[in-house]
Amino acid sequence: MDNISAIEISGLDLWYGDFHALKNIRAGFRERIITAIIGPSGCGKSTLLRVLNRMNDLVEGVRMSGHVLMKQEDIIGEAVDVTGLRKKVGMVFQRPNPFPLSIYENIVFGPRIHANMRRHELDDIVEKSLRSVLLWEELKDKLNRSALDLSLEQKQRLCIARLTAVKPDILLMDEPCSTLDPQSTQRIEELMRELKKDYTIIIVTHNMQQAARISDETGFMLLGELIEFGPTEHVFTSPDDRRTEDYITGRYG
Amino acid sequence: MERFFDEELKNLHKDILKMAVMAQEAIFRSVEALQSRDRGEAQGVIDTDDKVDELELEIDERCIDLIARHQPMAGDLRFITTGMKINAELERIADLAVDISQRVLELADKPVLKPLIDIPKLSVIAQDMVRDAIDSFIEKDVDLAKKTVFSDQEADNLRNLVQDELINDYMAKDPSSAPRAVPLLLIARHLERICDHATNIAEDVIYMVKGKVIKHHSGELS
């Protein structure tokens, strides 16, 4: 597992107004593995995730300093093409949020924005994307149905397919299973294992067992600091920092 | 923050200590039986072993139950998995005390072959090692655990000494001594195996405390 870094973060600080939400973060997220970020509510884990596709830009009064390198390019700074960045770095949210359009239109929405494509090219993308999330067999005859009629799990898969349709490098997942039942959660986790063959996945989760089950590396955050970062088996069996130990054994938070 | 889970871990700890006391008592009584050629005492060790086996199963079930219900992590996980292993080592130690007792019964109605010198020394080392291993578990004392691991060499040397003496000075010279020499040889072997189990316990304790596996790499101990 000597994958190269997909993201290199150094000296990253972030403020919401006066609130220092991320403090001197330093981390390397390796390519084509699943990295989990865990920590109590308000520790900064979602903020860190949102730095990676510049979603925090939408928050008023946000300031950042430091470096976040993706393929040698620093994504912090005014000059960055944020739309281009978000094509490369897609995000899956807690509550699946398909557009109120057909299944087909949900998937071709992104590709249409980024390139002028013919119908057969779009058809091809729809099939590939739905196959990538193991939905093709289920939905191939229902592509014109509204995405809003799907089950929660199907909606979440569709949202992931919508991302893979624009061929990103990185998938960010913010509590992607927290609204799903255990069976659906298990199936999404299996999907994530499949997806990591092609994508770098970073997941924020409150569910420690989930982090332990699916991730290759884990970062523990507390009060805006990245306390510990390393191989998941190490973090969950012999963490180096007392605070990590207290959190994952339920003594804190 | 005190957790409900902590109470259950404390109970598990108590049961492992109970198991340790039973195993230590079994060794002590079997060694006493050997030295005093006491059949009753030897039989007592054999009869008590069922209780040790019962407690072993109980502890095992409890550990599995704790893992299933609490999905422990980090130090909790290391404590429970180490507890399971120590439990198994203690059960084996008690079995070896039974083996010694059976040899004592075999020897009891035969004339004494020789005064016992090195076997009692080996039995002291074995009892000390088991005590130290258990204490290192109770106190989470890595230094004491390391000391236990190092003591194993002494036990091996002493076992070899006993073996050489019994083979060369007795069995080779007078084959008719074998029925009395072989049980003694086996007793030395049983005691040396007890030391190996104490070593395993000590290695498990080091993993439990430090999260570092030293098994099969005891060169990395220092």
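**Group meeting talk: cavity, pockets, cores and a sheet**

The largest cavity in this structure is lined by K114(B), L116(B), I117(B), D118(B), I119(B), V162(B), E165(B), L166(B) and L184(B). The elements that give two or more residues to this lining are α4 and α5 of chain B. The largest share, three residues, comes from α5(B). By type, the lining divides into six nonpolar, no polar and three charged residues. For that count, Ala, Val, Leu, Ile, Met, Phe, Trp, Tyr, Cys and Pro are nonpolar, Asp, Glu, Lys and Arg are charged, and the others, Gly among them, are polar.

Before going on, the conventions. This is a predicted model, in which local features need pLDDT of at least 70 and side-chain atom pairs count only at pLDDT 80 or more, while totals for chains, interfaces and linings use all residues. Residues are numbered from 1 along each chain as its sequence is written, chains are lettered from A and ligands numbered from 1 in the order in which they are written, and side-chain values use heavy atoms, with hydrogens and water left out.

Cavities and pockets are found on a 1 Å grid over the protein atoms alone: a cavity is a set of points where a 1.4 Å probe fits but cannot get out, a pocket is an open set with protein on both sides within 12 Å along at least five of seven lines, and lining residues have an atom within 4 Å of a point. Grid points are joined across faces, edges and corners, and a volume is the space filled by probe spheres set on the points. Helices (H or I, at least four residues) and strands (E, at least two) are DSSP runs, numbered from the N terminus.

How many cavities of 30 Å³ or more does a search of the whole structure find? There is one, and the volume of the largest cavity is about 50 Å³.

Now the pockets. The largest pocket holds about 560 Å³ of space. Its lining has 23 residues, and R86(A), F99(A), H114(A), R162(A) and L163(A) lie nearest the centre. In chain A, α2 (82-88), β6 (89-92), α3 (103-114) and α6 each supply at least two residues of that lining. The lining splits into 14 nonpolar, six polar and three charged residues.

The second largest pocket has a volume of about 440 Å³. Of the 15 residues that line this pocket, the closest to its centre are R251(A), G75(B), D76(B), F79(B) and K140(B). At least two lining residues come from each of α10 (242-248) of chain A and α1, α3 and α6 of chain B. Here the division is five nonpolar, two polar and eight charged.

Next, the nonpolar cores. A nonpolar core is a set of buried Ala, Val, Leu, Ile, Met, Phe, Trp, Tyr and Cys residues joined through side-chain atoms within 4.5 Å. Buried means under 20% relative accessible area, exposed over 50%, and partly exposed in between (1.4 Å probe, protein chains only). The largest core has 60 residues, and L12(B), I80(B), L90(B), I93(B), L191(B) and I194(B) have the most contacts inside it. In chain B, α1 (4-36), α2 (39-70), α3 (74-108), α4 (118-139), α5 (142-171) and α6 (178-210) each supply at least two residues of this core. The most, 13 residues, come from α6(B). Apart from this core lies another, of 46 residues, among them I34(A), V108(A), W136(A) and M73(B).

Which residues does I80(B) touch, not counting those up to four places away in sequence? They are F5(B), L9(B), L12(B), C63(B), L66(B), I67(B) and P72(B), where contact means heavy atoms within 4.5 Å.

Last, a sheet in chain A. Four strands form an open sheet in the order β2-β1-β4-β5, with antiparallel pairing. The edges are β2 (19-30) and β5 (73-74), each with a single partner strand, so one side of each is left without a neighbour in the sheet. Strands pair if DSSP finds at least two bridges between them. Eight bridges join β1 (residues 5-16) to β2(A), and L14(A) stands opposite L22(A). In the hairpin of these two strands, which has two residues between them, G17(A) takes a positive phi near 60°. Two bridges join β4 (residues 62-70) to β5(A), with L69(A) opposite D74(A).

Q72(A) sits in the loop between β4 and β5 of chain A. Its phi is near 70°, a positive value in a residue other than glycine. Buried or exposed, at 75% relative accessibility? Q72(A) counts as exposed.
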